[in-house]
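Morning, everyone. I'd like to walk you through one fold today. Please have a look at the model first.

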Amino acid sequence: MTGNSDKPVIDKEAGGEMNAGGRGGKKAVFLDRDGVLCHEVGHLHRIEDLKVIDGADEALKTLKNLGYLLVVVTNQGGIAKGLYTEKEFWAVLRELERRLGVTFDGVYFCPHHPDGVVEELRKDCPMRKPSPGMIQKASEELNIDLKRSWMIGDHIKDIEAARRAGVWRSILVLTGYGKEMLRRIVDGEVELNGGGPHYIAQDILFAARFISLVEEKGDPIEIAEGDRGEVRRRARM
Ligand SMILES: [Mg+2]
């Protein structure tokens, strides 16, 4: 990719039709990488440091079988910081796919960082989460209906990016930074900017099973809102 472009990187090899986005499109699960699919080790770039989260392979199989596109959206500011290269990022990503037994439908990463040392990558990029740029771009390029889509992340930045893009539901997993995020949310240390995660799950496998249950039995939030509507209607009678 051209490092100084605002455009995120789409993995064309992985497939994905370049249709106009919008409603009537496909449903997708947006996945943060570190702390969701693999363990958070801080600027992961060496294959020997790559450790897949238990059950992530089964989780992705479940989501794929439900008809979801699997789209990775990941901040890679370490590239701007000169800690590793785009080539090393892709090597880790390919190995992750191999171990998970999947080919992602899209891989979007933002190599920029406002404190980068690589001059052409030093900037506050609209693609960088918590900004919604990568999700919006994916939705246009892969024809994703965000109103039928989910985000699974371990950081409030993932949740905020999803909300700002208009993703239907988000799940905070408790792997990676997740537990610390939950503690900070509970202690009021996190600025939720108008919305926290819709749901919380132990890890990506529980998140996938939950999405499967929602497909089968309905969405608890919608059901609860319906119940409240029912209660309100009854109260007026
Ligand atoms: Mg993460």
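One definition before we start. By a nonpolar core I mean a set of buried Ala, Val, Leu, Ile, Met, Phe, Trp, Tyr and Cys residues joined through C-beta atoms within 7 Å. Keep in mind that this is a predicted model.

So, the core. The largest one has 59 residues. Which residues have the most contacts inside it? They are F30, V71, I152 and I204. In general, nonpolar side chains in soluble globular proteins tend to be buried together.

Now the sheet. It is open, with 6 strands in the order β3-β2-β1-β4-β5-β6, and the pairing is parallel. At the edges sit β3, residues 106–110, and β6, residues 199–201; each pairs on one side only. Neighbouring strands are turned by 20° against each other on average, ignoring direction.

Look at β4, residues 150–153. Are its faces covered or open? Both are covered. W150 and I152 are buried on one side, M151 and G153 on the other. Strand β1, residues 28–31, joins β4 through 3 bridges, and F30 stands opposite M151. Towards β5, residues 169–173, there are 4 bridges. There, I152 has I171 as its bridge partner. Between β4 and β5 comes helix α5, residues 156–165, and the three make a right-handed β-α-β unit.

Further along, 3 bridges join β5 to β6, with L172 opposite I200.

Back to V71. Beyond its neighbours within four places in sequence, its contacts include F30, F104, Y108, A138 and L142. Helix α4, residues 133–141, lies across β1, β2 and β3, at about 150° to β3.

Conventions
Residues numbered from 1 in each chain as written. Predicted model: local features only at pLDDT ≥ 70, side-chain atom pairs only at ≥ 80, totals over all residues. Buried ≥ 20, exposed ≤ 12 C-beta atoms within 10 Å, placed from the backbone. Helix = DSSP H or I, 4+ residues; strand = E, 2+ residues; numbered from the N terminus. Pairing = 2+ DSSP bridges. Right-handed = clockwise from strand over helix to strand, strands pointing away. Contact = placed C-beta atoms within 7 Å. Axes fitted to C-alpha atoms, helices over the stretch in contact; angles between N-to-C directions.
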